Amino acid sequence: MASSLGLVMLFLSCAIFQAFLVSSSNNGGFFPDLYQFSCPQANEIIMSVLEEAIAKDPRMSASLLRLHFHDCFVQGCDASVLLDNSSAFKSEKEAGPNKNSLRGFEVIDQIKAKLEQVCPHTVSCADILALAARDSVVLSGGPYWEVPLGRRDSKRAYFNKANVNIPAPNSTIQTLISLFNRQGLNEKDLVALSGAHTIGVARCVSFRQRLYNQKGNHLPDATLEKTYYNELKSICPTSGGDNNITPLDIASPNRFDSSYFKLLLLGKGLLNSDEVLLTGKVKRTKQLVKIYAENEAIFFHQFSKSMVKMGNISPLTELKGEIRKNCRRVN
């Protein structure tokens with residue numbers, strides 16, 4: 001009797017597991033528990049590497065979040081941004097928005113190496129980027145969200161697309177809306193995802209125009225709050241100091257919160273692409289800045305939704321992509 005019961009239980013367990021796999025394939029293979037059986041330690045490994053990296057360098061959380069964003073906006077979330085130069089293609093790391101700017105590649109390498117030791121050829125680099133972005137936000141005090149998993153890694157990089165698809169720091173509101181729409185993202189996503197600038201820094205070269213020649217008339221951007229403007233001038237001279245950095249959110253540069261939006265209302269948004277969310281004469285983005293400034297919970301909720309949406313931009317499936325052994329090279 002006991003052995004019969006054991007056989008029944010074994011049969012049911014196998015049936016449940018098989019149903020689990022069938023449901024996942026019907027769902028396009030993208031679901032949060034993808035590695036529950038194949039690599040149950042994945043989340044723990046990623047989080048432990050991130051905790052150590054961010055403790056050493058608090059800026060790293062913003063860098064990893066940005067890495068995922070710059071990956072997804074170029075041919076989808078396929079880890080193409082991680083590929084080094086090869087004889088077959090030029091690396092996206094060399095593109096204008098990324099050169100001397102993107103960081104965090106060594107942290108991704110460290111995560112990948114540890115995962116390959118425990119569960120080889122299982123967790124894709126694209127999924128690592130998505131999970132590292134989520135966990136970096138959580139470790140900075142921001143919201144948690146379930147990350148759908150199952151992305152495959154691309155077999156090439158897209159240097160030219162990296163030069164045109166990633167919004168520039170001096171973008172107008174119309175350009176921002178257009179570039180986000182191209183990725184299937186709307187104005188609500190634009191404002192919420194811009195809120196990622198509540199952590200991290202920007203280089204002088206990315207905001208110098210606002211200080212000295214905003215409209216080609218050798219005058220500063222009139223929307224900049226005066227004291228903040230004078231502080232920025234001391235960091236960013238008219239020439240030289242291109243790599244001098246300052247926080248995107250001067251109120252709480254290492255904490256993921258809603259202070260970014262409160263600063264926009266005070267004329268203390270660092271980049272032109274930040275401030276135009278409020279001053280760009282688009283009613284919806286202006287409304288959303290005010291809503292997120294007043295209610296952090298609403299911002300967190302929408303940011304989580306928009307991150308899932310962005311993470312689902314044109315992912316590669318099993319037939320079109322691969323699981324790289326080394327995130328910097330195709331297999």
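Q: Hi! I'm new to this one, what counts as a helix or a strand here?
A: Helices are DSSP runs of H or I with at least four residues, strands are E runs of at least two, and both are numbered from the N terminus. The model itself is predicted.

Q: Good to know. Where is Gly76, then?
A: Gly76 is in the loop between α3 and α4, the latter being residues 105-118.

Q: Is Gly76 buried or exposed?
A: Gly76 counts as buried, because its relative accessibility is 1% and the cut-off for buried is under 20%.

Q: And what does Gly76 touch?
A: Leaving out residues up to four places away in sequence, Gly76 touches Asp71, Ile313 and Ser314.

Q: Which feature does UniProt place at Gly76?
A: The unreviewed UniProt entry has "binding site" there, and the feature also takes in Asp71, Val74, Asp78, Ser80 and Glu92. These residues are spread over 22 residues of sequence, yet they cluster in space, with a largest C-alpha distance of 13.0 Å.

Q: Let's take Asp78 from that group. Where is Asp78?
A: Asp78 also has its place in the loop between α3 and α4. Asp78 is buried, with a relative accessible area of 1%.

Q: Which residues does Asp78 touch?
A: Not counting residues up to four places away in sequence, Asp78 touches Asp71, Ala126, Arg152, Asp153, Ser154, Tyr158, Leu316 and Arg324. Asp71 turns up among the contacts of Gly76 as well.

Q: Changing topic: which residue does the "active site" annotation cover?
A: In the unreviewed UniProt entry, that annotation covers His70. His70 lies in helix α3, which runs over residues 60-72.

Q: Is His70 buried or exposed?
A: His70 is buried, at a relative accessible area of 4%. Setting aside residues up to four places away in sequence, His70 touches Pro97, Asn98, Leu102 and Ile166.

Q: Since we're on α3, how do α3 and α14 cross?
A: Their axes come within 10 Å and cross at roughly 45°, where α14 is residues 296-311. The two helices are therefore oblique to each other.

Q: Which residues meet there?
A: From α3 there are Leu65, His68, Phe69 and Cys72, and they meet Phe303, Met307, Met310 and Gly311 in α14. By type, the contact of α3 with α14 has 6 nonpolar residues, 2 polar and no charged.

Q: What about α7, which residues of that helix are buried?
A: In α7, residues 173-182, the buried ones are Ile173, Leu176, Ile177, Leu179 and Phe180. They cover an arc of only 165° around the axis, so they are on the same side of α7.

Q: And what is on the other side of α7?
A: Gln174 and Arg182 are exposed there.

Q: What do the buried residues of α7 pack against?
A: They pack against α3, α6 (159-165), α8 (187-194), α12 (272-279) and α13 (283-294).

Q: Let's pick α8. How do α7 and α8 cross?
A: The axes come within 9 Å and cross at roughly 105°. That angle falls in the range of 65 to 115 degrees, and α7 and α8 are therefore roughly perpendicular to each other. The contact is made by Ile173, Leu176, Ile177 and Phe180 of α7 together with Glu187, Asp189, Leu190 and Leu193 of α8. The residues of this contact of α7 with α8 divide into 6 nonpolar, no polar and 2 charged.

Q: One more annotation: what does UniProt place at His197?
A: The unreviewed entry places "binding site" at His197. His197 lies in the loop between α8 and β1, which is 201-203.

Q: How accessible is His197?
A: His197 is partly exposed, with a relative accessible area of 25%. Apart from neighbours within four places in sequence, His197 is in contact with Leu248, Asp249, Tyr260, Leu271 and Asp274.

Q: Last one, where is Arg134?
A: Arg134 is in helix α5, residues 125-139. Arg134 is buried, with a relative accessible area of 4%. Leaving aside neighbours within four places in sequence, Arg134 is in contact with Asn43, Tyr144, Trp145, Glu146 and Val147.

Methods
Residues are numbered from 1 along each chain as its sequence is written. This is a predicted model: local features need pLDDT of at least 70, side-chain atom pairs count only at pLDDT 80 or more; totals for chains, interfaces and linings use all residues. Side-chain values use heavy atoms; hydrogens and water are left out. UniProt positions are given in the numbering used here, feature names are shortened, and annotations may be inferred rather than shown by experiment. Buried means under 20% relative accessible area, exposed over 50%, partly exposed in between (1.4 Å probe, protein chains only). Contact means heavy atoms within 4.5 Å. Axes are lines fitted to C-alpha atoms, for helices over the stretch in contact, and angles run from 0 to 180 degrees between N-to-C directions. Angles under 35 degrees count as roughly parallel, over 145 as roughly antiparallel, 65 to 115 as roughly perpendicular and the rest as oblique. Ala, Val, Leu, Ile, Met, Phe, Trp, Tyr, Cys and Pro count as nonpolar, Asp, Glu, Lys and Arg as charged, and the others, Gly among them, as polar. The arc is that of the directions from the helix axis to the C-beta atoms.
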